[in-house]
Amino acid sequence: MTDPAAKPLRLYDNFSRTLREFAPLAQDGPVGLYTCGPTVYDFQHIGNYRTFMFEDTLKRVLRWNGYRVLHVMNITDVGHLTSDADTGEDKMEKGARRTGRTAWEIAALYTRAFQEDVAMLNIEPPDVLPRATDHIPEQIEFIADLERRGFTYRTADGVYFDTSRQPDYGFLARLDRAGLEGGKRVELGDKRNATDFALWKLSPPDSTRQMEWDSPWGKGFPGWHIECSAMAQKYLGDYFDIHCGGEDHIPVHHTNEIAQTEARIGTRLANFWMHGYFLVQNDAKMAKSAGEFLRVAALVDRGYDPLAFRYLCLTGHYRTQLNFTWEALDAAATGLARMRTTLHALPTDADAVADADALAQFATHVNDDLNTPRALALAWDVLRGDLPAGVRRATILRFDDVFGLGLAGWKPTQEAVPDAVSALAQARADARKAKQWAEADRLRSELHAAGWEMEDRADGYSLKRRS
Ligand code: AMP
Ligand code: ZN
């Protein structure tokens, strides 16, 4: 349980736009957490993983506070169109054309790739990972219910949600509905209002889609938003604790999930609505549609440990955008390497326990809306501080329950010593033997400059990387 000296958990809820103290809805049940998952038409980019890591951190902080978490993340394998305005192609069908495989094959391929990346980043898999295509009956039932309640209308190409039926539609995003209607910035087509959105799209009359299903309205496929409302309700109930996604979900996807659930059940689906802010590159959006995008595999190809990217993400607060640069990743890789080697150098003391004050301070930081930058800074203070070595070690390992940097399992790899470094070390050993102290010091500085440290021992010397 939480240390009494620590502050209670407060999280920023985008629905109320306030920091609120978290209290679970069910006294003894798990905390219900729904996070919007990947659209599996392509690989995920490292921006997507920033959001997934923020959600993983949230889960770990909830656990730190003593809660059990029931985490549901969907796999979007149908219905996510290339445009949020319900026009454009289904991303899955487009991905199938791009790769020359079937939509079903690419869904399986990119779901697997996603799971591999998640493992490399030490993100805990969700408890339930439902696919939209496995929940078509639930979505049809949801839409039929909305129709019975008078929230829908039909057009030539599908069934739409009538947002004019909800006076508070768009509250999450504080949408200016009058402005949207007046400006007509959105291509209306057969839609009655700019903010209306598709619940069911009919297959085009002149072609066969790879993914399509019979429905009371004709052959077709569900809209993207209905999948999350339907699956969240199925696995977490009518009103659960926390719903997350990236910041781009605020104005459309989550706004529409809330609208649907509000219309069917009368709740806003989740008590807290939390959003991870974007990873950007040169201050531009990192988007798959832009063609080139960075994958976790690209980091590995360049010799980075994927957890260096996790460390980088921890250095920024999830509610501010983070600019990705290779220099920033280098700095994070150095930070992680130092943290690992410093921790590894501390002796293991089976009797040592984590320091209570440090744990309380840590809880205060992470309970302050997941302030991981402060928590990381504290970890460095503890590592370099004057607590007994075993206590430092035990404390940092507890912190890592939240960081997820896999510190306990890390082992130094035996690194090959470059020839030039060996030669310098031998020259220094010779200089010492010959009592040429100035020369020995000079050679040691050269070794340091090359990033190596020499430890003199009775039987000779050893070499290790400088931490
Ligand atoms: P998608 O696969 O496009 O459905 O996105 C998966 C998740 O990544 C969603 O929660 C998005 O909001 C989020 N996301 C998309 N782009 C970025 C980005 N550049 N930085 C952080 N999160 C993102
Ligand atoms: Zn969603």
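View 1. With a relative accessibility of 2%, D369 counts as buried, because buried means under 20% relative accessible area. The structure shown is a predicted model. D369 is located in the loop between α11 and α12. Although D369 is not a glycine, its phi is positive, at about 55°.

**View 2. The packing of helices α11 and α12.** Helix α11 covers residues 356-367 and helix α12 covers residues 372-384. The two helices pack at an angle of about 160°, and their axes are 8 Å apart. Since angles over 145 degrees count as roughly antiparallel, α11 and α12 are therefore described as roughly antiparallel to each other. The crossing of α11 past α12 is right-handed. On the α11 side, A358, Q361, F362, H365 and V366 take part in the contact, and they meet R374, A375, L378 and V382 in α12. Sorted by class, this contact of α11 with α12 has 6 nonpolar, 2 polar and 1 charged residues.

View 3. C36 lies in the loop between β3 (31-35) and α1 (46-64), while C228 belongs to helix α6 (residues 224-236), so the pair ties together parts that are 192 residues apart in sequence. Both C36 and C228 are buried.

**View 4. K435, an exposed residue in a loop.** K435 is placed in the loop between α14 (419-433) and α15 (437-449). Its relative accessibility is 59%, so K435 counts as exposed. K435 has a positive phi of about 60°, although K435 is not a glycine.

How values were computed. Residues are numbered from 1 along each chain as its sequence is written. Chains are lettered from A and ligands numbered from 1 in the order in which they are written. This is a predicted model: local features need pLDDT of at least 70, side-chain atom pairs count only at pLDDT 80 or more; totals for chains, interfaces and linings use all residues. Side-chain values use heavy atoms; hydrogens and water are left out. Axes are lines fitted to C-alpha atoms, for helices over the stretch in contact, and angles run from 0 to 180 degrees between N-to-C directions. Helices (H or I, at least four residues) and strands (E, at least two) are DSSP runs, numbered from the N terminus. Angles under 35 degrees count as roughly parallel, over 145 as roughly antiparallel, 65 to 115 as roughly perpendicular and the rest as oblique. A crossing is left-handed if the near helix is turned anticlockwise from the far one by less than a right angle, and right-handed if clockwise. Contact means heavy atoms within 4.5 Å. Ala, Val, Leu, Ile, Met, Phe, Trp, Tyr, Cys and Pro count as nonpolar, Asp, Glu, Lys and Arg as charged, and the others, Gly among them, as polar. Buried means under 20% relative accessible area, exposed over 50%, partly exposed in between (1.4 Å probe, protein chains only).
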